[in-house]
Amino acid sequence: MTRLKIASTVVGLLLLSAAEAAQAQATPGEIVAAELQNFRGNWKVVAAFVNGQPDDRRFGAQLTIIDDLMQMQTALGGMSTARISLQPSLLPRAIDISWLDGPFQGEKFYGIYRFDGQRLYVCASRTGVTRPKKFESLPDRVESLVTFERVP
């Protein structure tokens, strides 16, 4: 191996180590703030299930997220607002949805989320007691699985 190749390899490894060190030094608040940026924007519901059954009432609902505030407008024109709290260090990643108004006002949903390209999957329990462990909606469990697609 030539000296130039060795030097290039060493520089590359040093840059990689510096990037990893910078990422490792991020505070929990910085990590949550960065993850909230992934949520920011407009979304629409493209699929929804509750208790293992399709929930057509949610299909087409519009969602707007700015910082930790989420506003949902149903296809029928109803509006609800919630505050979201993230725990991206958990696996699967966790989301808490605290409804500020609308039909679920005062309730807190515990859920999990994941991104896949321009899609966001959220599985949440309406009971406010347990958090789902998988992205599924089964009969006799008060859990919803909603698929959102980013709107440009």
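This is a predicted model: local features need pLDDT of at least 70, side-chain atom pairs count only at pLDDT 80 or more; totals for chains, interfaces and linings use all residues.

Me: Which residues touch the most other members of the largest nonpolar core?
Reply: In soluble globular proteins, nonpolar side chains tend to be buried together. Here, 27% of the 152 residues count as buried, and the largest nonpolar core has 23 residues. Those touching the most other members are Phe39, Met70, Ile84, Ile95, Ile97 and Phe148.

Me: What does Phe39 touch, not counting residues up to four places away in sequence?
Reply: Phe39 belongs to the largest nonpolar core. Contact here means heavy atoms within 4.5 Å. With residues up to four places away left out, the partners of Phe39 are Ile65, Ile84, Leu86, Ile95, Tyr113, Phe115 and Leu120.

Me: Which residues lie nearest the centre of the largest pocket?
Reply: This pocket holds about 690 Å³ of space. Several strands each supply at least two residues of its lining, including β1 (41-50), β4 (69-73) and β6 (94-99). Among the 34 lining residues, those nearest the centre are Asp55, Arg58, Met72, Trp99 and Phe104.

Me: How do the residues of that lining divide into nonpolar, polar and charged?
Reply: The lining of the largest pocket has 34 residues, Trp99 and Arg58 among them. Sorted by type, they come to 23 nonpolar, six polar and five charged.

Notes. Residues are numbered from 1 along each chain as its sequence is written. Side-chain values use heavy atoms; hydrogens and water are left out. A nonpolar core is a set of buried Ala, Val, Leu, Ile, Met, Phe, Trp, Tyr and Cys residues joined through side-chain atoms within 4.5 Å. Buried means under 20% relative accessible area, exposed over 50%, partly exposed in between (1.4 Å probe, protein chains only). On a 1 Å grid over the protein atoms alone, a cavity is a set of points where a 1.4 Å probe fits but cannot get out, and a pocket is an open set with protein on both sides within 12 Å along at least five of seven lines; lining residues have an atom within 4 Å of a point. Grid points are joined across faces, edges and corners, and a volume is the space filled by probe spheres set on the points. Helices (H or I, at least four residues) and strands (E, at least two) are DSSP runs, numbered from the N terminus. Ala, Val, Leu, Ile, Met, Phe, Trp, Tyr, Cys and Pro count as nonpolar, Asp, Glu, Lys and Arg as charged, and the others, Gly among them, as polar.
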